[in-house]
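Please look over the sequence and the structure shown here before reading on. The text then leads through the inside of the chain and its pockets.

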Amino acid sequence: PTASPSPSATPPPPTATPNPNAAGSGSPSGVLLYSVANMSAGRWELWEYNFGNATARKLFDWRTEVAYSVNYKQIAYYLWPPIGGVTGTGIWVMNADYTGEHLVILGGAYPSWSPDGSRLSAGDGRDVYILNADGSGLRRLVNGEYPAWSPKNNSIAHRACNGGDCGIYLTDADTGAQQRVTSGGSDGQPAWSPDGKRLAYISKDDGNFEIYVVNTDGSNKVRLTENLTSDGLPIWSPDGGWIAFRSDREGKWAVYAVRPTGANLRKVTDADVLPVWFFEKMGWRR
């Protein structure tokens, strides 16, 4: 989409029909943020899905690539268009109640929070950067993409290709010390478990993009999905009991949820994407 938006100031009330598969004992809980490609309107939209009442609602136009802070009080995101005649495309932050939007830094994308909320990682599709939460102190960290800051320590997970050695790496945000976690040439989109011990990620190891989970030392790799279409954009639930992801397995894109063991797969809600879905991501709070 390329149309300019008219940013929505106040999210409208819920409009979606409840999904009976998303309610009940042993089901996911909390609130999921995800982007939707509105093809008819020619724009990206930010939506919220509430697992408690199984309803979805549109929040804003042109806000994507969301990331909750570890304490769930703030949301970092990428804003596509200008606002109020001033170019504001880049990384923004708002409160968890969707108020207090403010620009952090022009340019950059794919933000992720440090555990204490004082810093952000970001990317441009080629390199990973570090910056303070107020936009100051920008510096390049390492070559890579899909940066995701650990909720527990200074490690940033990301995809990289060091020479011909592609895969998921962990890089220390201050020292640059690096550890390789996976060795798949297509591995990407790492997402941390809440305890900081495992990573969900995507890979074409078995022929098409599927969701995998692995320990941060590279052990205990588990394939969670098995489908001939694409699965991607994994995100852990705050309690670590579920992983949400996007898939076009039913002929159109939707959000699904599955246990970290691969059990109890269920559809959550329809949510279209574009061919550039690889650089989207979702957020999940309590």
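This is a predicted model: local features need pLDDT of at least 70, side-chain atom pairs count only at pLDDT 80 or more; totals for chains, interfaces and linings use all residues.

The largest nonpolar core is a place to begin. In soluble globular proteins, nonpolar side chains tend to be buried together. Here the largest such core holds 22 residues, and those touching the most other members are Leu 33, Leu 46, Tyr 68, Ile 75, Tyr 77, Met 94 and Tyr 98. Two or more residues of this core come from each of the strands E1 (31–38), E2 (43–50), E3 (55–61), E4 (63–68), E5 (74–79) and E6 (90–95). Leaving aside residues up to four places away in sequence, Leu 33 has among its contacts Leu 46, Leu 59, Val 66, Tyr 68, Ile 75 and Tyr 98, as well as Met 282 and Gly 283. Another core, of 17 residues, lies apart from the largest one and includes Tyr 34, Val 255, Met 282 and Trp 284.

The largest pocket has a volume of about 570 Å³. Its lining counts 31 residues, with Tyr 68, Trp 149, Pro 151, Trp 192 and Ile 235 nearest the centre. Strands that each give at least two residues to this lining are E4, E8 (109–113), E12 (145–149), E16 (188–192), E20 (231–236) and E24 (283–285). By class, 22 of the lining residues are nonpolar, six polar and three charged.

E8 and E12 each supply at least two of the lining residues, and E12 has the largest share, three residues. This lining consists of nine nonpolar, three polar and four charged residues.

How values were computed. Residues are numbered from 1 along each chain as its sequence is written. Side-chain values use heavy atoms; hydrogens and water are left out. A nonpolar core is a set of buried Ala, Val, Leu, Ile, Met, Phe, Trp, Tyr and Cys residues joined through side-chain atoms within 4.5 Å. Buried means under 20% relative accessible area, exposed over 50%, partly exposed in between (1.4 Å probe, protein chains only). Helices (H or I, at least four residues) and strands (E, at least two) are DSSP runs, numbered from the N terminus. Contact means heavy atoms within 4.5 Å. On a 1 Å grid over the protein atoms alone, a cavity is a set of points where a 1.4 Å probe fits but cannot get out, and a pocket is an open set with protein on both sides within 12 Å along at least five of seven lines; lining residues have an atom within 4 Å of a point. Grid points are joined across faces, edges and corners, and a volume is the space filled by probe spheres set on the points. Ala, Val, Leu, Ile, Met, Phe, Trp, Tyr, Cys and Pro count as nonpolar, Asp, Glu, Lys and Arg as charged, and the others, Gly among them, as polar.
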